[in-house]
Amino acid sequence: MSRGAADTALSRLADDPTSPVIRVRRGLYWRGIPSRFGKGAPSATDIVLAVVGDRGGIGPSGWSASRDLGLTTQRPAIEEFATIATPPTGIRGVRFHRRSNPKRAALRYLEIAALEAVRDWPAYSDGDWDELVRAVKSLVRTGKIRVSAVRDAARFEPPTARERLASLLSAIT
């Protein structure tokens, strides 16, 4: 089956109200879970990761970062992501922040979340500094955050973020 035929078939399925297929954006479809409330849609995070792939350099920002770190239970109306690459287009409900730090390319999703939380501290947190320290320390212990990678990337962050991160890392170790 050609790419055009597959796109046409998927487009028709997405238009069918009885089909679980949802058109997320051009060329990207999702098989939702049918319920009495309609087709189940993917989360903004799932869409962003499906579009961007596993190339690194992208992670949550703002309230999204705080939520992923466990610092808030709030769900932002618009999910926010920080990226070093040109942000993808055509994703509804998502805001991208372009960062010019090339060392972020080597960071994992939650490492970027920690860097963003420190960078914006305390603007997007319901907790205090000690809660941030506990959350990051727990993620370091489980191997989800690599201190050396975050420290390396922090060298190219704004001065206030570098200072806060140094304070955070000294509290962890």
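This report walks through the fold, the nonpolar core and the charged contacts of a predicted model.

Local features here need pLDDT of at least 70, and side-chain atom pairs count only at pLDDT 80 or more, while totals for chains, interfaces and linings use all residues. Residues are numbered from 1 along each chain as its sequence is written, and side-chain values use heavy atoms, with hydrogens and water left out.

**Fold and core**

The protein chain has 7 helices and 7 strands, where helices (H or I, at least four residues) and strands (E, at least two) are DSSP runs numbered from the N terminus. Along the sequence they follow the pattern α-β-β-β-β-α-β-α-β-β-α-α-α-α. The C-alpha atoms fill a box of roughly 55 × 35 × 25 Å, taken along the principal axes.

Of the 173 residues, 41% count as buried; buried means under 20% relative accessible area, exposed over 50%, and partly exposed in between (1.4 Å probe, protein chains only). The largest nonpolar core holds 28 residues, and Leu-132, Leu-165 and Leu-168 touch the most other members. Such a core is a set of buried Ala, Val, Leu, Ile, Met, Phe, Trp, Tyr and Cys residues joined through side-chain atoms within 4.5 Å. Helices H3 (62–69), H4 (109–119), H5, H6 (147–154) and H7 (159–172) each supply at least two residues of this core, and H4 gives the most, with 7 residues.

**Salt bridges**

Now to the charges. A salt bridge is a side-chain nitrogen of Lys or Arg within 4 Å of a carboxyl oxygen of Asp or Glu, and by this rule the count comes to 11. Here are some of them:

| Pair | N to O distance |
|---|---|
| Arg-3 and Asp-7 | 3.5 Å |
| Glu-80 and Arg-95 | 4.0 Å |
| Arg-119 and Glu-157 | 2.8 Å |

Arg-3 and Asp-7 both lie in helix H1 (residues 3–15), 4 residues apart, about one turn of the helix. Arg-3 is exposed at 58% relative accessible area, whereas Asp-7 is partly exposed at 26%.

Which pair joins a helix to a loop? Arg-119 lies in helix H4 and Glu-157 in the loop between H6 and H7, so this pair ties together parts that are 38 residues apart in sequence. Glu-157 is buried at 3% relative accessibility, while Arg-119 is partly exposed at 24%. Both belong to a network of salt bridges that also links Arg-99, Arg-104 and Glu-116.
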